[in-house]
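Here are my notes for your review. Please keep the model open as you read.

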Amino acid sequence: MTVHVRSVTPGNCPALVLNADFRPLSYYPLSIWCWQDAIKAVFLDRVNILSEYDTLVRSPSFEMRLPSVVSLKSYVKPTRFPAFTRFNVFLRDRFTCQYCGQREDLTFDHVVPRSKGGFTTWENVVAACSDCNLKKADMLPAVARMWPATKPYQPTVHDLHQNGRLFPPNYLHESWMDYLYWDSELEE
């Protein structure tokens, strides 16, 4: 086990949560727990501590370092297909408007509008900036002369993990790097 020195408050010490096979449960957003949830999982014997901060928490009868990286003791089988959510649509489309390529002020658009019989499904919804969404309105792509850059599809969890690696979160503690594979070179 490694110990990482860090003189901060417990509130700034999230724990990276890994599955029992030591893979992150998700890449974006990373599976992290606040320090209270991490300690609770330790006491309930649901996780193994792989790395710790140097920050201590104390009670009158107990003292421990805060976990930095934990792995679940029981394997959680990932689902093959992720939930259909706004965030997952944005992640599938790499946080990019599928009509103009802009990355700000995103919403989502029904390629075939609901008023024209379109459904709210993976295969009919794309990320779109507000300007393009307003411009396309309730028109079909051929009428609006606006086609998505990538045909919408139902992504796998693997697809979203791959895309998530392109958008690392703002906080990555150095103790997490051995368990994340964004920039690591594979040994031959």
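1. A definition to start: a residue counts as buried when its relative accessible area is under 20%, and as exposed when that value is over 50%. Bear in mind that this is a predicted model.

2. Take helix H1, residues 35-43. Its buried residues are Ala38, Ile39 and Ala41. Around the helix axis they span an arc of only 160°, so they sit on the same side of H1.

3. What covers the buried residues of H1? The cover includes four strands: S2 (15-18), S3 (32-33), S4 (47-59) and S5 (62-72).

4. Next, the aromatic rings. The structure holds three aromatic pairs. One of them joins Phe87 and Phe95: the ring centres are 5.7 Å apart and the planes meet at 65°, so the pair is edge-to-face. The cut-off behind that label is an angle over 60 degrees.

5. Are Phe87 and Phe95 buried, or partly exposed? Phe87 has 30% relative accessibility, so it counts as partly exposed. Phe95 has a relative accessible area of 16%, so it is buried.

6. Arg92 lies over the face of Tyr153, and its distance from the ring centre is 5.7 Å.

Conventions:
Residues numbered from 1 in each chain as written. Predicted model: local features only at pLDDT ≥ 70, side-chain atom pairs only at ≥ 80, totals over all residues. Heavy atoms only, no water. Phe/Tyr/Trp six-rings, centres within 6.5 Å; stacked < 30°, edge-to-face > 60°. Buried < 20%, exposed > 50% of the residue type's maximum accessible area, 1.4 Å probe, protein only. Lys NZ or Arg CZ within 6 Å of the ring centre and 35° of its normal. Helix = DSSP H or I, 4+ residues; strand = E, 2+ residues; numbered from the N terminus. Arc of directions from axis to C-beta. Contact = heavy atoms within 4.5 Å.
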